[in-house]
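Welcome to this guided tour! Open your viewer, get ready to select residues as we go, and let's look around together.

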Amino acid sequence: MDNKNSLQLLKDAIIRGDIPNVLDQMMLLSIEKGASDIHIEPRRNNVEFRLRVDGVLQHIVEYPTNMHPGLVSKTKLMANLKIDESRIPQDGRITTWVGEKEVDLRVSTLPTVNGEKIVMRVLDKSKKIPDFNTLGIVGRNFEIIKLAIEQPNGVVLTSGPTGSGKTTTMYAAMSYLNAPEVNIMTLEDPVENQMDGLNQSQMFPNIGYTFADGLRTALRQDPDIIMVGEIRDKETIDIAIEASLTGHLVLSTIHTNSAVETITRILNMKVPDFLLTAAINLIIAQRLSRRLCKCKVPMPLSPDTQAKFKEAFAVFKPYEGLDMGIFKNPTVYGPKEGGCDICGGSGYKGRVGLYEILLMTDPIKTAVLKGLPSLEIEKVAQEEGMITLEQDGIIKALQGVTSMEEVYKLVKE
């Protein structure tokens, strides 16, 4: 069944006022389009249904406001939420079959002036955990990550804004490390993907089961590797560092904009610099960029773009496997106007990661211990061979994977 037929079935269900079928068709359409989120938003005169596909919200259809209370009640019933409570936000979860796929939906309701808004995060259980190559971690970056996660102890951090794929990178690392002789424990809020061979624990902060509490307990469970969903406070980073210094590999995520800014953030959490440099193995900063569809077209190279290339690669160490010919005759691509049947008209299909990977080498540790500012530490890191987010994005644009427009939308100048 293609998207057009599914959309027509959804419209037919709306015309009939068949609320259960409307909800079913919404879920089916979200899976077929590969959406990450479903948005059901009450407006003044109607209710809008939108899907987030490849990071961009798309308007799908509208339905009458008189149908909305019934659809909200049906959703709440499926998510085990209080049907008669509409004054406060609620969070729940739906596990259901959509077609032949088992799907988890993280449901969030929010009271608005026009009624309750519903957002559902779509977690397709049939999707396999991607490997590093699929994510876009290749060449020198792959070798560095492999070196860091194969260490028996230390902390590996992934940073970036919400929705930049940090947790997926952590899962790729755990998939790579997963073996019968290794005890891997995860502390997550929520558990997004269930993986065989892992001991995954769901956090419940509202009853006092926090990341810090879970981490303390995990250390009594004889782990080799611990994945902490997110480092949010000093207590969690302190225990993570203590765990790494006592012979455990700790994987986690943190909200910062770049690899070097992560160092500043940890120092601002009052972690002594000597502990930071002793414990941290690797810091990854990342973004998710839309992949160009096969219908991509060459784009003219403006003088401004060429100037950006030159400035971005003022400090750059080529790595083995990188075709340096892409710099001699640079060609960049963009989305074809109107796209094609594969991309549904957007010119983009799927996403790829842009990565900045900082290995804590001796010169970088020395720079941190000397208290050098972030810009100086970044310069040292680049001299050590770190590829910046901007550089990785430009390389992928020159390889025809993404567009320069996408790169600079994600990597601010």
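Start by selecting Met227 and Leu251: Met227 stands opposite Leu251 in β11. Keep in mind as you look that this is a predicted model.

**Stop 1: around β10**

Now show the two strands that these residues belong to. Strand β10 covers residues 225–228, and strand β11 covers residues 249–254. The two run parallel and are joined by four bridges. On which strand would you find the bridge partner of Leu187? Select Val228, and you have the partner, in β10. The strand to display for this pairing is β8, residues 184–188, which is joined to β10 by four bridges and runs parallel to β10.

**Stop 2: over the helix to β11**

Select helix α8, residues 234–245. Together with β10 and β11, helix α8 makes a right-handed β-α-β unit. Then click on His248, in the loop between α8 and β11. Is His248 buried or exposed? Its relative accessible area is 12%, so His248 counts as buried, the cut-off being under 20%.

Show the polar atoms here. A polar atom of the His248 side chain lies 2.9 Å from the backbone oxygen of Ala243. The His248 side chain also makes a polar contact, at 3.5 Å, with the side chain of Thr246. Leaving aside residues up to four places away in sequence, the residues that His248 touches include Pro152, Asn153, Leu219 and Asp224.

**Stop 3: the seven-stranded sheet**

Seven strands form an open sheet in the order β9-β8-β10-β11-β7-β12-β15, with mixed pairing. β9 (198–202) and β15 (348–359) stand at the edges; each has a single partner strand, so one side of each has no neighbour in the sheet. From one strand to the next, the twist averages 20 degrees.

For another pairing in this sheet, select β7 (residues 154–159) and β12 (residues 280–292), which run parallel and are joined by five bridges. Thr158 has Ile284, in β12, as its bridge partner. Helix α9 (residues 259–268) packs on the sheet, where it touches β7, β11, β12 and β15. The direction of α9 makes about 135 degrees with that of β12. Then bring up helix α7 (residues 211–218), which lies across β8 and β10 and runs at about 165 degrees to β8.

**Stop 4: a residue in α10**

Select Leu276, in helix α10 (residues 273–279). How much relative accessible area does Leu276 have? The value is 0%, so Leu276 is buried. Not counting residues up to four places away in sequence, Leu276 touches Ile263, Ile266, Leu267, Val271, Met360 and Val368.

**Stop 5: the six-stranded sheet**

Now move to another sheet. Here six strands form an open sheet in the order β3-β2-β1-β6-β5-β4, with antiparallel pairing. At the edges are β3 (56–63) and β4 (90–98), each with a single partner strand, so one side of each is left without a neighbour in the sheet. Inside this order, β1 (residues 37–42) and β6 (residues 115–124) pair over four bridges. Select Ile40 and you can look for its bridge partner in β6, Ile118.

**Stop 6**

Finish by looking down the axis of α3. Which residues of α3 are buried? They are His68, Leu71, Val72, Thr75 and Lys76. Last, click on Asn80, which follows α3 and has a positive phi, near 60 degrees.

Methods
Residues numbered from 1 in each chain as written. Predicted model: local features only at pLDDT ≥ 70, side-chain atom pairs only at ≥ 80, totals over all residues. Heavy atoms only, no water. Pairing = 2+ DSSP bridges. Buried < 20%, exposed > 50% of the residue type's maximum accessible area, 1.4 Å probe, protein only. Right-handed = clockwise from strand over helix to strand, strands pointing away. Polar contact = N/O pair within 3.5 Å; in protein donor to acceptor, adjacent residues only side chain to side chain. Contact = heavy atoms within 4.5 Å. Axes fitted to C-alpha atoms, helices over the stretch in contact; angles between N-to-C directions.
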